[in-house]
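Reader: I would like to learn how the features of a model such as this one are read, one at a time. Please give me the general idea for each, and then the case at hand.

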Amino acid sequence: MNYLDLTITAMHEALVKKQVTPLELTSEAIKRIKEDKNNAIEYLCEQEALAFAKTLTTPEKDNPLWGIPFAVKDNISTKDIPTTASADILNGYVPIFDATAISKLKAKKAVMIAKTTLDSLAMGGSGTTGHLGKTYNPYDPSHTRMIAGSSCGSASVVSSSIVPFALGSDTGDSIRKPASFAGLVGFKPTWGRISRFGLFPFVPSLDALGFFTRSVEDAAILLNVLAGHDEADYTSSLVQVDDYTKELNNPLKGVKIAVIQEIIDSFTDQDIIKRFNETIKIYQSLGAKVDYVHLDKHLLMTLFPTYYIISCAEATSNNANLDGIKFGPYYDADNYIEVMKKARTAGFSERIKRRFVLGSFALMKENQNELFLRAAKNRHKIVDEINKIFKDYDVIYAPASPSIAPRFDSVTNQLQDEYLIADNYMCIGNFGGYPSLTLPVGFKDNMPFGFNLTAKPFMEAKLFNIAKALEDKLGYFNLSARNKK
Amino acid sequence: MKEVTLASLKEAANRLLFDMSEAEYKTLLEEFKTVSKQMALIAEDKSVDNYSPMIYPFPVATDSLREDIPCKPESRETILKNAKNKMAGQIKLPKVVS
């Protein structure tokens, strides 16, 4: 095993003991990117990363990210490094500032290796709509299965052991769903816990900047670095930052886990259900109290349309600044309206345009009450009902996806329970701003799948504790497609 | 509510300053049929009207003022570096008044 195959924690130990250097790790990561065939990379920061890694000569024992290579979803601003969100309208755009999350990682002397691809403008869940087309699941050498999105490239590079962690963004389940298909820990924090300054806005009322790791402990370590108020992002929270590693190994006695029966009923894959029941027994054996609770099935069936209307409406206005004038390709025309129209017609994919039209339609004066405002009211109702569950429970627990990674050519009936609930219920985490984490729990047909835990706002330390207890018992730790047994 | 027709979708696209092909509009019209069926699920539940629209998950206190920290602003050249069409330190566009 190469040192690059280790978790952050183990890699840090090796760096401190001088068993490996940041330059060696960086060189190996770049080599692996060049060999990789999964269509994960928008921009390789080869020269920048090597130059920085060369300067890292004295290990910092108390800095777990010193010299650790990482990758970044390409909708997060990186100074002097192209950042396009995998959208043609941003081709050639080079930010003049770093996102706060990037500044924090640079301050810790972590080494940015690459910008990763995504569904264009982070809108989509298939990992197929960005500049590179399909991003492939590293567990499937036949390249027929997706890794999902929108954070497809970040999931891919962590799963391929190119880096031990990568930043992503999560608006509906864009980190937590790919994590399930890639055998990773995928984490979104409480809304406002990590600054979003420099994250391209898609749906600001739902967006969160999060990450992929190969262990729960690594996720806690990363949140320790990235959490905190940021004056550049006034939606970032003033709630005091915790030590997110402090509860990692606490016993689970007294922990209360809720399983929403109607969500479980929407799953049809018997292997996933069987595994879910096994993990419930594990939690019970560890002293946790697990109860099945009920939530109106009809309300659950409205999750996806609520998400879709709100996300399209917010996206429409948040992307109005993409006009081909201040940045992006310029198209000459007789007047400035035509300049913008040409840029936007050529620069947005068909899928993006459809979402924008839908959003615009939902926001029209004649439609607002019946579409956008109704969806926003329904969101309120959903969050109220979930908060009632959280009065008595620490976490809500369910499988993260209805199946292993689907094939690219699979067809879904978008009006069935399995699509409306099992495939899309994780947007609850975004509606209520709850911290939420997916962790790997099993394999089927040699493909991984994961389960999801969602906690009350700002209860990340407890969430990591409950997740790590299961990780310890199952032994699904530091999984990667490169080193699969 | 405004009827979903090819014309109303074209109007929406026009407001957004982009164009789509006829085939793309047809796909969109089909997508609207599915979305309308999904939205009908929300419309069935009249109790939704008892809730206020949720705009953010929870309130975030923004009652503090930032300290004034002197800093050197970015140069004009840096700020304009992503604009493709520029002249004399300004973004250049076609004449608005002829």
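Reader: In what order do the eleven strands of the open sheet in chain A lie?

Author: First, the ground rules: this is a predicted model, in which local features need pLDDT of at least 70 and side-chain atom pairs count only at pLDDT 80 or more, while totals for chains, interfaces and linings use all residues. Residues are numbered from 1 along each chain as its sequence is written, and chains are lettered from A and ligands numbered from 1 in the order in which they are written. Helices (H or I, at least four residues) and strands (E, at least two) are DSSP runs numbered from the N terminus, and two strands pair if DSSP finds at least two bridges between them. Here the order is β1-β3-β2-β4-β6-β5-β10-β11-β9-β7-β8 of chain A, with mixed pairing. The edges are β1 (41-44) and β8 (289-293) of chain A, each of which pairs on one side only.

Reader: Which strand is joined to β2 (residues 69-73) of chain A by five bridges?

Author: That partner is β3 (residues 111-116) of chain A, and the two strands run parallel; A:K73 stands opposite A:T116 in β3(A).

Reader: Which strands does helix α2 (residues 22-35) of chain A lie across?

Author: Axes are lines fitted to C-alpha atoms, for helices over the stretch in contact, and angles run from 0 to 180 degrees between N-to-C directions. Helix α2 of chain A lies across β1, β2 and β3 of chain A, running at about 15° to β3(A).

Reader: How many residues of chain A are in contact with chain B?

Author: Two residues are in contact if their C-beta atoms, placed from the backbone, lie within 7 Å. By that rule, 65 residues of chain A meet 47 residues of chain B. On the chain B side, the elements giving two or more residues are α1 (6-15) and α2 (22-44) of chain B, and α2(B) provides the largest share, ten residues.

Reader: At what angle do helix α13 (residues 350-363) of chain A and α1(B) pack?

Author: The angle is about 100°, with the axes 9 Å apart. Angles of 65 to 115 degrees count as roughly perpendicular, under 35 as roughly parallel, over 145 as roughly antiparallel and the rest as oblique, and α13(A) and α1(B) are therefore roughly perpendicular to each other. The contact is made by A:K353, A:V357, A:S360 and A:F361 of α13(A) with B:L9, B:A12, B:A13 and B:R15 of α1(B).
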